[in-house]
Amino acid sequence: MKQLLAPFLVALLLLPAAGAAVAQAADERPALTHKLAGLQAASPLPGFAVAVVSSNAVLYQRGFGRADLQARRPYTEETLQNVGSVSKTVIGVAIVKAIELGYFGLDTEINAILPFQVRHPHGGGPITVRHLVTHTSSIVDDEEIYGHSYYLLPDADTGAALYQQFRRDFTLPGRKDLSLGGFLRNYLAVGGRSYRKTNFAREAPGLAYHYSNIGAALAAYLIEVKSGQSFEAFTRKHIFEPLQMRSTSWRADPSQAKRQAIAYNRRHQAYPRYALVTYPDGGLTTSAADLARFLMAMVKGYKGGEGVLSKAGFTLLFDPAFAPDALPSASPAGEPNSGVFWRIRRNGLVGHTGSDPGVTAFMFIDPASGTGRILMTNIEAGGRGEQDDPKIVGQLREVWKALADVRP
């Protein structure tokens, strides 16, 4: 699901950075291209794309393998797929932009913004924006409800091998309200048809880490309420258009179907085309080339530059939210701290992982080298209730390691 990947997969991101290497243009790295092509050919990955950027240049980007195994369509740097929870980095930028526009602050109580009330049912205090962006809001994802927050697109292939399985495992047949606000109200507000006290952890807001896709979607919804426009429209105006991310959207565009990667389970069975009711938490559909433009702007901001955010905005986005000796309980050992949705790993990398049915993605800034790395592939490492496939994990690790040698 749209969450941080299992420990076996996360381990690949804890690898130390490689030694310095001479910078080359993307088309002057034949050794790297040869190595990555060999890794793909010997792996179960149908296809993947990678990118490495500095603050002002794309150092390398390329696709390998197939976006569609049956049609033998190549996976390129322009191939589109959703990137799971890497989407949350965009929520983070949007939240800081909303703060710059004066909509609210990190310590604003969400009930001062929402058209419905959200209260901790176990005696805790109010939930703030800061709690949402650091996964300390006490809101938890009930998989019986959140796990069925997907829906099939009208052009989904009803003959796909996994069509009926996807309908059973990921959708709620008969769901009529596909709005973000409707889902959140029903889940979080007393009287909502999906409301339960167990939708909240017993710890009071701010005390404990509980990774929450629904909390992330709620953060995006705050922007909708204050801006008077959809989160999709807000991000297009303030992020995607300024960065010329012309192929990026929050829902797969049927007119772009020939550029869309087919999502596969680890037996190379194709999933039907789907979307998410809580689309901000994991529905970003993009290409490695577009995501490289985004990450390049983030590296620039991390190094003290400005662009879609001011210098102060980027500082707010990336600065650790917690002192090392005051971390929330249950904070993950591998990434104990957080900016505004950007996770700060123990080895210094800053970014996010992503997974969803048939997709896996990684996007991180490496402060030590001043670069950012992207890896996105159209296969899942595991499935619901399944262990991660060690062969897939091993291949992802090898690709990620190979990219570490690309330096400015």
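**View 1. What lines the second largest pocket in this predicted model.**
Strand β6 gives the largest share of the lining here, three residues. Two strands, β4 (81-82) and β6 (274-276), each put at least two residues into that lining. Sort the lining by class and you get 17 nonpolar residues, plus six polar and six charged ones.

**View 2. Helix α3, residues 87-100.**
This helix has 14 residues and runs 20 Å from first C-alpha to last, close to the 20 Å expected at 1.5 Å a residue. Most of α3 is covered, with twelve of its 14 residues buried. Buried residues include S87, K88 and T89 at one end of the helix's numbering, and the list carries on through V90, I91, G92, V93, A94, I95, V96, K97 and A98. After α3 comes G102, and its phi is positive, near 85°.

**View 3. The largest cavity.**
Around it sit D366, S369, T371 and R373, along with L403, A404, V406 and R407. By class, that makes three nonpolar, two polar and three charged residues in the cavity lining.

How values were computed
Residues numbered from 1 in each chain as written. Predicted model: local features only at pLDDT ≥ 70, side-chain atom pairs only at ≥ 80, totals over all residues. Heavy atoms only, no water. Helix = DSSP H or I, 4+ residues; strand = E, 2+ residues; numbered from the N terminus. Nonpolar A, V, L, I, M, F, W, Y, C, P; charged D, E, K, R; others polar. Expected span 1.5 Å × (residues − 1). Buried < 20%, exposed > 50% of the residue type's maximum accessible area, 1.4 Å probe, protein only. 1 Å grid on protein atoms, 1.4 Å probe; cavity = no way out; pocket = protein on both sides within 12 Å on 5 of 7 lines; lining within 4 Å. Points joined across faces, edges and corners; volume = space filled by probe spheres on them.
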